[in-house]
Amino acid sequence: MPLPGSVAFPATCEAAPEGAPALAGGDAATRGRGVIESLTRPGLREIPSTWLYDELGSVLFEAITLLPEYGLTRADERVIERAAPEIARLMGPSPLVVELGSGSGKKTAAILAASLELGPVDYTPIDVSASALEACREKLAEMPGLRVFPTEGSYLGGLARALAHRATGQPVLVLFLGSTIGNFSRRELPPFLRRIRGMLRERDRFLVGADLVKAAATLQRAYDDPAGVTAAFNKNLLAHLNAAFDGNFDLARFAHEAVYNEDERRIEMYLRSEERQTVHLQALDLHLTLERGERIRTELSHKFHSGELDALAHAAGFLPEREWIDAEWPFAECLWRAE
Ligand SMILES: C[S@@+](CC[C@H](N)C(=O)[O-])C[C@H]1O[C@@H](n2cnc3c(N)ncnc32)[C@H](O)[C@@H]1O
């Protein structure tokens with residue numbers, strides 16, 4: 001594949017959580033095209049955040065969730081614990097629970113347990129990371145009455161496959177936890193939510209976890225911890241690319257950077273080139289020259305206001321039905337009903 005001079009950057013790739021599954025799991029040409037397009041984007045080099053998740057990336061993400069500075073996961077857990085009985089009651093017996101980007105699924109156990117009180121439950125975790133899915137299956141498969149159908153793939157592709165197996169009249173609950181919704185750009189998010197809605201039936205539900213706006217210093221620490229776990233997670237993306245495309249990114253020549261952009265209400269994660277260097281991704285025939293200080297953006301994590309989430313729900317064709325907020329670490333769990 002030749003090195004492109006200037007490549008139009010596809011709209012879906014700004015944060016590309018949905019473009020990326022093709023990158024992470026699709027055919028080699030599509031994966032390669034996505035990486036070339038994003039890395040050579042004029043004015044903003046970028047690698048879709050899905051590339052953060054390979055086997056090591058998933059383990060490092062789990063480690064992040066244990067960091068004292070990363071209050072997000074514990075807030076999500078606390079709210080889910082509190083909300084699970086009511087969610088189970090609203091869903092009724094024997095639902096199909098589909099989780100987008102399940103990771104290890106450790107928070108999901110509370111929802112499944114509450115639902116299992118009412119009868120058997122089908123659970124389809126979807127993730128691009130095969131190792132995360134395996135961890136999820138191991139953790140949850142022992143729950144009596146639970147049938148687990150791990151699905152490796154993208155959010156929407158995986159959801160389509162999961163819904164094809166829904167039994168007649170079976171209620172569906174889709175989970176999108178951990179504020180992964182924040183990884184979409186504000187432009188990409190509404191169409192993504194509409195596509196989810198388009199795949200659901202009336203009275204199906206969508207449970208969305210969203211991190212709320214908080215002090216910049218708190219957020220900054222959460223994404224740039226003193227132990228350097230988030231830095232390792234971020235840099236591992238380059239190792240993932242090296243493995244996928246026979247590349248020679250030297251992780252030691254990059255620094256982790258996390259910046260809170262107050263105007264956009266989001267953490268932006270970058271890898272900053274510590275010196276002028278040329279990197280070669282052999283399988284893509286891509287030579288990339290980075291200047292000292294030049295940055296590659298690797299993730300966006302948007303922070304929300306609660307009213308904004310209601311507006312997103314309505315715009316996508318959902319009715320906001322319930323909202324639970326954690327008092328300690330502002331975080332919202334929103335239950336939306338398909339209208
Ligand atoms: C921020 S983590 C959240 C994990 C878990 N849901 C939680 O709340 O702790 C995002 C998860 O989504 C997965 N993921 C990332 N991009 C994806 C995509 N495009 N399609 C499916 N899964 C994806 C990652 O492998 C990872 O497990």
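Biologist: Helices here are DSSP runs of H or I with at least four residues, numbered from the N terminus. Which helix is the place of Leu237?

Modeller: Leu237 sits in helix α10. Keep in mind that this is a predicted model.

Biologist: Is Leu237 buried or exposed?

Modeller: Leu237 counts as buried, because 26 C-beta neighbours lie inside 10 Å and the cut-off for buried is 20 or more.

Biologist: Which residues does Leu237 touch?

Modeller: Leaving out residues up to four places away in sequence, Leu237 touches Ile47, Trp51, Leu52 and Thr298.

Biologist: Let's zoom out. How many helices and strands are in the protein chain?

Modeller: The protein chain has 11 helices and 14 strands. Its radius of gyration is 20 Å, close to the 20 Å that the globule rule gives for 339 residues, so the chain is as compact as a globular protein of that length.

Biologist: What does the C-alpha trace span along its principal axes?

Modeller: About 60 × 40 × 35 Å.

Biologist: What share of the residues is buried?

Modeller: Buried residues are 48% of the 339. As for contacts between residues at least 6 apart in sequence, 75% of them join residues at least 24 apart.

Biologist: Now α4. What does that helix reach from its first C-alpha to its last?

Modeller: Helix α4 covers residues 71-91, which is 21 residues, and reaches 29 Å. That is close to the 30 Å expected at 1.5 Å a residue.

Biologist: Where does the kink in α4 lie?

Modeller: The kink is at Ala83, shortly before the proline Pro85, and amounts to about 50 degrees.

Biologist: What comes just after α4?

Modeller: Gly92, which takes a positive phi of about 80 degrees. Back inside the helix there is Leu90. Leu90 is partly exposed because 17 other C-beta atoms lie within 10 Å, and that count falls between 12 and 20.

Biologist: How far apart are Leu90 and Glu321 in space?

Modeller: They are 10.0 Å apart, C-alpha to C-alpha, although 231 residues apart in sequence.

Biologist: Which residues other than glycine have a positive phi?

Modeller: Arg203 is one of them, with phi near 80 degrees. Asp246 is another, with phi near 55 degrees.

Biologist: Where are Arg203 and Asp246 found?

Modeller: Arg203 is in the loop between α8 and β7, and Asp246 is in the loop between α10 and β8. Arg203 has 14 other C-beta atoms within 10 Å and is partly exposed. Asp246 has 12, so it counts as exposed, the cut-off being 12 or fewer.

Biologist: What about the ligand? How many residues surround it?

Modeller: The ligand is surrounded by 24 residues, and the closest are Tyr53, Gly101, Gly103, Ser129 and Gly178. The elements giving two or more residues to that shell are α1, α3 and β3.

Biologist: What is the shell like by class?

Modeller: It has 10 nonpolar, 11 polar and 3 charged residues.

Biologist: Last one: is Ala29 buried or exposed?

Modeller: Ala29, in helix α2, counts as exposed because it has 10 C-beta neighbours inside 10 Å. Its C-alpha is separated by 42 Å from that of Glu323, 294 residues away along the chain.

Definitions and conventions:
Residues are numbered from 1 along each chain as its sequence is written. This is a predicted model: local features need pLDDT of at least 70, side-chain atom pairs count only at pLDDT 80 or more; totals for chains, interfaces and linings use all residues. The radius of gyration is taken over C-alpha atoms; the globule rule is 2.2 Å times the number of residues to the power 0.38. Two residues are in contact if their C-beta atoms, placed from the backbone, lie within 7 Å. The expected span of a helix is 1.5 Å times one less than its number of residues. The bend at a residue is the angle between axes fitted to the seven residues ending there and the seven starting there. A residue is near a molecule or strand if its C-beta atom, placed from the backbone, lies within 6 Å of it. Ala, Val, Leu, Ile, Met, Phe, Trp, Tyr, Cys and Pro count as nonpolar, Asp, Glu, Lys and Arg as charged, and the others, Gly among them, as polar.
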